[in-house]
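Please read it alongside the sequence and the structure shown here.

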Amino acid sequence: MKEKVVSIIIIILLYSCTTEQHEKAEQKPQDKRELVLETLPKTLGEFEKSLIYQDLVNIQEVDSSILVDLKYSTEDNFFGRDVYEELTNAYLPLDVAIDLKKASTILIDKHPDLRLLVFDAVRPHRIQEILWEALDSIPANVRKAYVADPSEGSLHNYGCAVDLSIYDLKKDSLLDMGTKYDYFGYLAYPRMESQMLASGELSQGQIENRDLLRDVMLQAGFKPITSEWWHFNRTSLAQAKLRYELIK
Ligand SMILES: [Zn+2]
């Protein structure tokens, strides 16, 4: 009799587990999205909610010492338009944000008054299209030096690139890197630095500031590029396409 009762209980438990799993499997992606979005604060804008839904994290929640000034959320950018609107936080995949925290820790250990300041992190693909169109007066082959072609994709679209500089808390200003963010010209090219130094267009101090940024980012696993001092990649585009989602 006792064995019979135990068997019945097991059958009931198995049935209830199977039913539960079946219900979970039946949950539509749209339902899942609604459930995730319901848990987020109502004050968050749709743009930010969509980044969280796509598994990205606010980098300041990973490391509150990193400063953020999203230039595409202002009109102080190369095309003079605010395309991020209410979004003022910078988002990245968690593992990339953790690597950025490493760079920040290395910088602060060496220079307690300095902080990383992020201009742009993940950039959804639809925003990439807007940036590409904003430069439509420049032929496509030249434009690629400044903005990635959205048909090929940018590492920013996968959250695998960061644009940043260094902020001096004591002086209450950015370190002098020789140009502003998104300066389109040789003066911003790391590969032209020795020529720019020789011609007097860049100073030794400006190059040392760039070297400090490169040093902490390289130690944390990011790689600089040859045409923008502020841009760092965490992986190759081919690897990003395999391992990360394209952010819409
Ligand atoms: Zn960039």
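## Leu37 and the basis of the description

Because 14 C-beta neighbours lie inside 10 Å of Leu37, this residue counts as partly exposed, a class that falls between buried (20 or more other C-beta atoms within 10 Å of a residue's own) and exposed (12 or fewer), with C-beta atoms placed from the backbone. Leu37 belongs to helix 2, which covers residues 29-38; helices here are DSSP runs of H or I with at least four residues, strands are runs of E with at least two, and both are numbered from the N terminus. Leaving out residues up to four places away in sequence, Leu37 touches Lys49 and Tyr53, where contact requires that the C-beta atoms of two residues, placed from the backbone, lie within 7 Å. Between Leu37 and Lys49, twelve residues apart along the chain, the C-alpha separation is 6.8 Å.

The model is a predicted one, in which local features need pLDDT of at least 70 and side-chain atom pairs count only at pLDDT 80 or more, while totals for chains, interfaces and linings use all residues. Residue numbers start from 1 along each chain as its sequence is written.

## Overall composition

Ten helices and eight strands are found in the protein, and buried residues make up 31% of its 248 residues. Of the contacts between residues at least 6 apart in sequence, 70% join residues at least 24 apart.

## The crossing of helix 5 and helix 9

Helix 5 (residues 94-110) and helix 9 (residues 204-219) have axes that come within 8 Å and cross at roughly 130°; these axes are lines fitted to C-alpha atoms, for helices over the stretch in contact, and the angles run from 0 to 180 degrees between N-to-C directions. The two helices are therefore oblique to each other, given that angles under 35 degrees count as roughly parallel, over 145 as roughly antiparallel, 65 to 115 as roughly perpendicular and the rest as oblique.

On the helix 5 side of the contact are Ala103, Ile106 and Leu107, which meet Val216, Met217 and Gln219 in helix 9. The residues of this contact divide into five nonpolar, one polar and no charged, where Ala, Val, Leu, Ile, Met, Phe, Trp, Tyr, Cys and Pro count as nonpolar, Asp, Glu, Lys and Arg as charged, and the others, Gly among them, as polar.

## The largest nonpolar core

A nonpolar core is a set of buried Ala, Val, Leu, Ile, Met, Phe, Trp, Tyr and Cys residues joined through C-beta atoms within 7 Å. The largest such core has 48 residues, of which Ile59, Tyr91, Leu92, Leu100, Ala103, Val118 and Ala121 touch the most other members. At least two residues of this core come from each of several elements, including strand 1 (56-58), strand 3 (91-93), strand 4 (114-120) and helix 6 (125-134), and helix 5 gives the most, with five residues. Residues up to four places away in sequence aside, Val118 touches Ile59, Ile66, Val68, Ala90, Val162 and Leu164.

Ala161 is placed in strand 5 and counts as buried because it has 26 C-beta neighbours inside 10 Å. Neighbours within four places in sequence aside, Ala161 is in contact with Ser154, Leu155, His156, His231, Phe232, Asn233 and Arg234. The C-alpha atoms of Ala161 and Leu92, which are 69 residues apart along the chain, are separated by 8.7 Å.

In strand 6 (residues 173-174) lies Leu174, which counts as partly exposed because it has 16 C-beta neighbours inside 10 Å. Not counting residues up to four places away in sequence, Leu174 touches Leu117, Ser165, Ile166 and Tyr167.

## Two residues with positive phi

Most residues other than glycine have a negative phi. Asp172, found in the loop between strand 5 and strand 6, has a positive phi near 55°, and this residue is exposed because 7 other C-beta atoms lie within 10 Å. Asp182, in the loop between strand 6 and helix 8 (193-198), also has a positive phi, of about 60°, but Asp182 is buried, with 21 other C-beta atoms within 10 Å.
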